[in-house]
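Biologist: I've got the sequence and the model open. Can you walk me through the wording you use for it?

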Amino acid sequence: MIERISRIVDPSKIDYIVANHVEMDHSSALPRVLEVAPNAKIFATERGKTGLNEYYAESGCSGWNFETVKTGDELKIGKRTLMFIEAVMLHWPDSMQTYLKEDNILFSNDAFGQHIATSKRFDDQVEDVMEDAAIYFANILTPFSSRILKHLETVGKLGLQIDMIAPSHGVIWRNDPQRIIDAYAKWASGASEQKVLVIYDSMWGSTEMMAKAIAEGVRASGTEVVLFHLRKNDWSMLIKELMECRVFALGSPTMHNGMFFTMGGFLTYLKGLRPKDKKVSFFGSYGWGGGAIRQMEEALKNTKMEFVEEPLKVKFRPERQDLEGCRQLGIKLGEIARS
Ligand SMILES: Cc1cc2nc3c(=O)[nH]c(=O)nc-3n(C[C@H](O)[C@H](O)[C@H](O)COP(=O)(O)O)c2cc1C
């Protein structure tokens, strides 16, 4: 990075560094940058300054020259002007965005980002960028949905003309950047589609048979359904699908009186994301005392997710009538998703 900066400017002549975010993937080069640009002043939020001090105390951060900024503060850099916008909890307390006034570019930090690695620079040069942005939103920003709505309002009130959005991850939005702003407003409002997800794991195939029969029922009801195996499918994609659906079913075999370990990990992750307006149903196979369903219900008890339909338990291998029960559950879930 320093080699590339050096091609444009002698680093020792750098006057200002904008630190939009403390997290290590954004800030870990700072100690090295300050070595080659010792006179530079760092612009960060108050929390940003505190966070950088906590991360880089051993790198001599206490000797760095900070200026803390708030929303609306400006910095003149010759022909151009930078304006700072605090973005608290998008997605850390210190987060900040920077707006380049003369060129109408928003350096949006984590917001509007995507986790894709590409040599391409712009949104119109890569396929499915919106899907990548949705995966990013679902996995990183869902818990802060109400903050996002408020932030969009604040930025709206500032009346900024935004021609380009340059996030800190992924490609730059230059082709109608309003579309990603609108998508954020939609995702943050919890808007969902008429879709059912069936999420499960299985050791010996019984819970899987149930999952497939439930999915068949959903399909028979005329509703879209997606099946997810917790060890065969990618969880980031699963969370994105879950953000979009209205109803989901969770299936786990009983292991050692409780749910299967992947389901335990998944529910810990899901709870933290606090998705809005979701309905959930439970199923699973057991051998003797059971326990998986009880534990799954316990895990989601104090969330805003609504439990629908009676849980379906099957002892060992499901028989024809058990699978018909699963199919019926699927039909009901499909109807709930469309109601
Ligand atoms: C390691 C292991 C531990 C298990 N522990 C329990 C248990 O504590 N209680 C129970 O009811 N069944 C228990 N079972 C039985 C399974 O729940 C049962 O075989 C079930 O049908 C497995 O579903 P699956 O085919 O979807 O994996 C256990 C099975 C295994 C392999």
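Biologist: Which residues in α6 meet which residues in α7?

Modeller: S145, I148, L149 and L152 in α6 meet I181, Y184, A185 and A188 in α7, where contact means heavy atoms within 4.5 Å. Bear in mind that this is a predicted model, where local features need pLDDT of at least 70, side-chain atom pairs count only at pLDDT 80 or more, and totals for chains, interfaces and linings use all residues. Residues are numbered from 1 along each chain as its sequence is written, and side-chain values use heavy atoms, with hydrogens and water left out.

Biologist: What angle do α6 and α7 pack at, and why is α6 called oblique to α7?

Modeller: The angle is about 140°, with the axes 9 Å apart. Axes here are lines fitted to C-alpha atoms, for helices over the stretch in contact, and angles run from 0 to 180 degrees between N-to-C directions. Under 35 degrees is roughly parallel, over 145 roughly antiparallel, 65 to 115 roughly perpendicular, and the rest oblique. So about 140° makes α6 oblique to α7.

Biologist: Is the crossing of α6 and α7 left-handed or right-handed?

Modeller: Left-handed: the near helix is turned anticlockwise from the far one by less than a right angle, whereas clockwise would be right-handed.

Biologist: Which residues of α7 are buried, and what puts them on the same side?

Modeller: In α7 (residues 178–188), the buried ones are I180, I181, A183, Y184, W187 and A188. They cover an arc of only 160° around the axis, so they lie on the same side of α7; the arc is that of the directions from the helix axis to the C-beta atoms. Their cover includes α5 (129–141), α6 (145–158), β8 (164–167) and α9 (235–244).

Biologist: And why does F84 count as buried?

Modeller: F84, in strand β5 (residues 80–86), has 1% relative accessibility, so F84 counts as buried. The cut-offs are under 20% relative accessible area for buried, over 50% for exposed, and partly exposed in between (1.4 Å probe, protein chains only). Not counting residues up to four places away in sequence, F84 touches several residues, including V18, F43, V69 and M96.

Terms used. Helix = DSSP H or I, 4+ residues; strand = E, 2+ residues; numbered from the N terminus.
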